[in-house]
Amino acid sequence: MTTVSVPAGWPATEEEARAVQDELRARVVLDEPGPPPGTGRVTGVDVAYDDERDVVAAAAVVLDAASLDVVAEATAVGRISFPYVPGLLAFREIPTVLAALEALPCPPGLVVCDGYGLAHPRRFGLASHLGVLTGLPTIGVAKNPFAFAYDDPDARRGSASPLLDGGDEVGRALRTREGVKPVFVSVGHRVTLDAACAHTLALTPRFRLPETTRRADALCRQALQEATIRH
């Protein structure tokens with residue numbers, strides 16, 4: 001497990017964080033297809049917090065995209081690096097997530113975030129932020145639609161409907177299990193929305209949430225428990 005300090009010069013106010021978002025958002029790449037679904041490696045990242053102890057734990061779990069077997073995993077813990085502000089959650093998570101990714105013994109391939117990419121009020125959620133900083137292809141698969149409108153997709157697995165911000169499609173509501181609430185998929189960086197949805201379906205053979213998210217969620221919770229016991 002890697003221990004992380006808050007980086008020097010990290011934004012300390014909402015204004016500073018929004019300025020960073022504005023600067024980095026211009027670097028998001030939307031015209032690359034990304035890796036073919038079901039090939040190579042795919043990595044899930046997730047975080048868990050203990051706000052009382054000011055601790056955040058991140059996990060990165062690499063899966064073989066074809067078999068969904070675990071190839072590698074890494075964790076990192078650190079201080080929470082930013083207060084809770086809706087729309088700026090990436091600034092609480094990025095330092096430890098980056099440390100977990102950097103601790104992996106192999107390239108991560110596509111990175112799947114438990115959260116948002118373009119489906120974000122400022123079009124720059126965690127998946128986009130992480131993608132720009134690392135150069136990796138990234139997607140966001142969220143449990144809820146934030147503040148965006150959508151029509152309920154058909155009940156069958158694979159059905160989708162646009163996630164809309166006004167007239168703009170910022171993501172899709174995607175049914176990963178028949179008759180079960182959809183997940184909300186958006187592009188992070190260097191992947192198309194069609195490919196992001198295809199990857200999500202490839203990663204959900206049995207459950208609503210991607211295997212990447214399920215495994216990273218369990219690992220970061222374990223890492224947080226171990227870290228807080230030591231505290």
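In which sense do β8 and β9 pair, and over how many bridges? They pair in the antiparallel sense, over 3 bridges. Strands here are DSSP runs of E, at least two residues long, and helices are runs of H or I, at least four long, all numbered from the N terminus. Two strands count as paired if DSSP finds at least two bridges between them.

This is a predicted model, in which local features need pLDDT of at least 70 and side-chain atom pairs count only at pLDDT 80 or more, while totals for chains, interfaces and linings use all residues. Residues are numbered from 1 along each chain as its sequence is written, and side-chain values use heavy atoms, with hydrogens and water left out.

Start with the whole sheet. It is open and has 9 strands, in the order β1-β4-β3-β2-β5-β6-β9-β8-β7, with mixed pairing. β1 (2-4) and β7 (160-165) stand at the edges; each has a single partner strand, so one side of each lacks a neighbour in the sheet. From one strand to the next, the twist averages 30°. Angles run from 0 to 180 degrees between N-to-C directions, with axes fitted to C-alpha atoms, for helices over the stretch in contact.

Now take the β3 and β4 pair. β3 (residues 55-64) and β4 (residues 70-79) run antiparallel, joined by 9 bridges. Within this pair, A59 has T75 in β4 as its bridge partner. Helix α2 (residues 90-102) packs on the sheet, touching β1, β2 (41-50), β3, β4 and β5 (110-113). Its direction makes about 45° with that of β3. Contact means heavy atoms within 4.5 Å.

V45 sits in β2. It counts as buried because its relative accessibility is 3%; buried means under 20% relative accessible area, exposed over 50%, and partly exposed in between (1.4 Å probe, protein chains only). Beyond neighbours within four places in sequence, V45 contacts residues including A59, V97, L101 and V111.

Move to the β7 end. β7 and β8 run antiparallel, joined by 6 bridges. They form a hairpin with 2 residues between them, and G166 in the turn has a positive phi of about 65°. R172 in β8 stands opposite P162, and also opposite V185 in β9. In β8, 5 of 7 residues are buried. Helix α4 (residues 193-202) lies across β5, β6 (138-142), β8 (168-174) and β9 (183-189), at about 15° to β8.
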